[in-house]
Amino acid sequence: MELDEKKYLYLLFILPLVVLLFLFNLYWKQKKQREFGDLDAIKKLSPERSTFKPTLKLVIILLALAGLILGLVNPKIGTKMETVKREGIDIVFAMDISKSMLAEDVAPSRLEKSKQIVSQIINQLGSDRIGIVAYAGSAFPVLPITTDYSVAKMFLQSMNTEMVSSQGTSLDEAIKLSATYFDDKSKTSKLLILISDGEDHSEGAQAAAEEANKQGMRIITIGIGTDKGGTIPLKRNGIVESYQRDNNDQVVVTKLNRASLEAIAKATKGGYVSGNNTKEVLEYIKTNLDKIQKTEFESTQMADFQSQFQWFLGIAFGLLFLDFFLLEGKTNWVRKLNLFNEEK
């Protein structure tokens, strides 16, 4: 069973409050009756009044309230199974998290811009499987291939430049690690979306791209940064304390290396797009995804949960209807049975 709106369960705390109000009202009535006179004498003045029915009415009201609350919660029960076929491609996002991605020549920063772009790309995907790789001086897996986009976004937002100790940018390591995400035996189309400023400190990126092409991978590169470049602010608690300097104590200015990213994409018959305009990136990615052949990569049994709120609401309204016609006087046939010792 699945509960659709669990927040309404807190309304169940109303039930004990109703019981407390009932007991308080009962105590208050008895107190006033004692002040008026003898309780036995008062009962003789109203012989048709039942001492049990007020309690019965309370139980009916409590059950009706519980039914209304459970109706709001909307319990769901899986009553049948359906076969769902998924078609799509396998996509790996390789995210550059080197220090140069902290440059703010692209607002709010190159790294944050990269996160925004990847998140927006995920939003427009259908049933494709995705994975995430992070890299700087070395590459490491962040998220294996999955169809859970919400988990992917959670990992994406947690990425930062402190996740890897070795600095620099090794595009070849990113490509090699991304290739391991794909199943060589699978016929599913393989796409690597590599996001970087292109400042490659390795020499094997071109060779890695050519090897990826042999494995059936296509690479789309997204360049983040400007030709003019920008400095790398070093912050603490959101406040800039200094800027990244080189071995000669000169402030480092990092620039977009468009050529290296274009060469990687060309080696796999992919493409390059500037990441400075999110809308243009999304349109470019969508156009290219539409051209890639989709394959069926998963058939699964999924429970079709059906809402059950109508039953609880029906019972609740039925009880309220019954309570409306349930008078507090004694019922003749119940009085004859004297089940509650009301007749002495």
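## Exercises on a predicted model

Leaving aside partners within four places in sequence, Asp-172 touches Ser-202, Gly-204, Ala-205 and Ala-208. Keep in mind that this is a predicted model. Let's start with that aspartate.

**Exercise 1.** Work out where Asp-172 sits and whether it is buried or exposed, and find the nearest side chain of opposite charge.

*Solution.* 
- Step 1: Asp-172 belongs to helix H6, residues 171-179.
- Step 2: check the burial. Asp-172 is buried.
- Step 3: look for a partner. The nearest side chain of opposite charge is Lys-176, 4.3 Å away.
- Step 4: apply the cut-off. A salt bridge needs a side-chain nitrogen within 4 Å of a carboxyl oxygen, and Asp-172 has no salt bridge.

**Exercise 2.** Describe the largest nonpolar core and say which element gives it the largest share.

*Solution.* 
- Step 1: size it up. The largest nonpolar core has 35 residues, and Ile-91, Phe-93 and Ile-222 have the most contacts inside it.
- Step 2: find the suppliers. Elements giving at least two residues each include strands S3 (90-96), S4 (129-135) and S7 (217-223), along with H4 and helix H9 (278-291).
- Step 3: pick the top one. H4 gives the largest share, five residues.
- Step 4: zoom in on Phe-93. Beyond its neighbours within four places in sequence, Phe-93 contacts Val-118, Ile-121 and Ile-122, and its other partners include Ile-130, Ile-132, Ile-193 and Ile-195.
- Step 5: look elsewhere. Another core, of 24 residues, lies apart from this one and includes Ile-175, Phe-182, Leu-192 and Ala-208. Ala-208 was also a contact of Asp-172 in the opening.

**Exercise 3.** The structure holds ten salt bridges. Take the pairs Arg-129 with Asp-90, Asp-105 with Arg-110 and Asp-290 with Lys-286, and work out the setting of each.

*Solution.* 
- Step 1: Arg-129 and Asp-90. Their closest N and O atoms are 2.8 Å apart. Arg-129 is in strand S4 and Asp-90 in strand S3, so this pair ties together parts 39 residues apart in sequence. Asp-90 counts as buried, at 4% relative accessibility.
- Step 2: Asp-105 and Arg-110. The N to O distance here is 2.8 Å. Arg-110 is buried, with a relative accessible area of 0%.
- Step 3: Asp-290 and Lys-286. Their closest N and O atoms are 3.4 Å apart. The two are four residues apart in helix H9, which means about one helical turn separates them. Asp-290 is exposed at 55%, while Lys-286 is partly exposed at 46%.

**Exercise 4.** Sum up the overall fold in numbers: which elements does the protein have, and how many of its residues count as buried, as a percentage?

*Solution.* 
- Step 1: there are eleven helices and 13 strands.
- Step 2: 39% of the 344 residues count as buried.
- Step 3: for contacts with a separation of 6 or more, 82% come from residues 24 or more positions apart.

Note on methods
Residues are numbered from 1 along each chain as its sequence is written. This is a predicted model: local features need pLDDT of at least 70, side-chain atom pairs count only at pLDDT 80 or more; totals for chains, interfaces and linings use all residues. Side-chain values use heavy atoms; hydrogens and water are left out. Buried means under 20% relative accessible area, exposed over 50%, partly exposed in between (1.4 Å probe, protein chains only). Contact means heavy atoms within 4.5 Å. Lys and Arg count as positive and Asp and Glu as negative; His and the chain ends are not counted. A nonpolar core is a set of buried Ala, Val, Leu, Ile, Met, Phe, Trp, Tyr and Cys residues joined through side-chain atoms within 4.5 Å.
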